[in-house]
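These are my notebook entries on one protein model. I record what I looked up and what I found.

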Amino acid sequence: MTDITIIHNPRCSKSRQTLALLEEQGVAPVIVEYLKHPLDAKELKEIFKKLNLGSVRDMMRTKEAEYKDANLGDIALSDNALFEAMAHTPKLIERPIVINGEKARIGRPPESVLEIV
């Protein structure tokens, strides 16, 4: 069976709820605390492909002060620039993200991850 991974922030209630939901389903995911162990741009690109989102910004926390301060809402910015911003400032990554093989889901709401478990 493929390992299930959660990109997790233990201080985030949605992240904790998603982890608890996985555990209730009998899943013991690999936990990546991305604030302690930041993901690089290449890893973020791979996750983005698995999420099947329309825009890189859909996996970003666009309401964070760091997003606004860095002017990341500028539509002229490339996707690569946005991935680099998330790699440099992991707080910008929307959380939690659950990955199972070639599929991933953002746990907002937490139940959305059940589609891939």
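**Entry 1: Lysine 50**

In which helix does lysine 50 lie? I found lysine 50 in helix H2; helices (H or I, at least four residues) and strands (E, at least two) are DSSP runs, numbered from the N terminus.

Before going further I noted that this is a predicted model, in which local features need pLDDT of at least 70, side-chain atom pairs count only at pLDDT 80 or more, and totals for chains, interfaces and linings use all residues. Residues are numbered from 1 along each chain as its sequence is written, and side-chain values use heavy atoms, with hydrogens and water left out.

I then looked up how accessible lysine 50 is: its relative accessibility of 22% makes it partly exposed. Here buried means under 20% relative accessible area, exposed means over 50%, and partly exposed lies in between (1.4 Å probe, protein chains only).

Which residues does lysine 50 contact, leaving aside its neighbours within four places in sequence? I listed Ile99, Gly101, Glu102, Lys103, Ala104 and Arg105, where contact means heavy atoms within 4.5 Å. I also checked leucine 21, which is 29 residues from lysine 50 along the chain; their C-alpha atoms are separated by 21 Å.

**Entry 2: Helix H2**

I looked up the buried residues of H2 and found Ala41, Leu44, Ile47, Phe48 and Leu51. They span an arc of only 120 degrees around the axis, so they sit on the same side of H2; the arc is that of the directions from the helix axis to the C-beta atoms. The face turned away from this buried side carries the exposed residues Lys42 and Lys49. The cover over the buried residues of H2 includes E1, H4, E3 and strand E4 (103-106).

At the N-terminal end of H2, I found aspartate 40 as a cap, with a side-chain oxygen 3.1 Å from the backbone nitrogen of lysine 42. After H2 comes asparagine 52, whose phi is positive, near 60 degrees.

**Entry 3: Helix H1**

I turned to H1 (residues 13-24), which has 12 residues. From its first C-alpha to its last it reaches 16 Å, close to the 16 Å expected at 1.5 Å a residue; the expected span is 1.5 Å times one less than the number of residues.

Which residues of H1 are buried? I noted Ser15, Thr18, Leu19, Leu21 and Leu22. Seen down the axis of H1, they fall within an arc of 160 degrees and so line one face of the helix. They pack against strand E1 (4-8), strand E2 (30-33) and strand E3 (97-100). Just after H1, glycine 26 has a positive phi of about 85 degrees.

**Entry 4: Salt bridges**

How many salt bridges does a search of the whole structure find? The search gives 7, a salt bridge being a side-chain nitrogen of Lys or Arg within 4 Å of a carboxyl oxygen of Asp or Glu.

I looked first at glutamate 64. Its side chain forms a salt bridge with that of arginine 61 (3.0 Å, N to O), and both residues are buried. Glutamate 64 also meets lysine 91 in a salt bridge (3.5 Å, N to O). That pair links distant parts of the chain, 27 residues apart: glutamate 64 is in the loop between helix H2 (41-51) and helix H3 (65-69), and lysine 91 is in the loop between helix H4 (79-88) and E3. Lysine 91 is partly exposed, at a relative accessible area of 36%.

Finally, I recorded that Arg61, Glu64, Glu66, Lys91, Glu94 and Arg108 are linked in a network of salt bridges.

Key:
A polar contact is a pair of N or O atoms within 3.5 Å; within protein, one must be able to donate a hydrogen and the other to accept it, and residues adjacent in sequence count only if both atoms are side-chain atoms.
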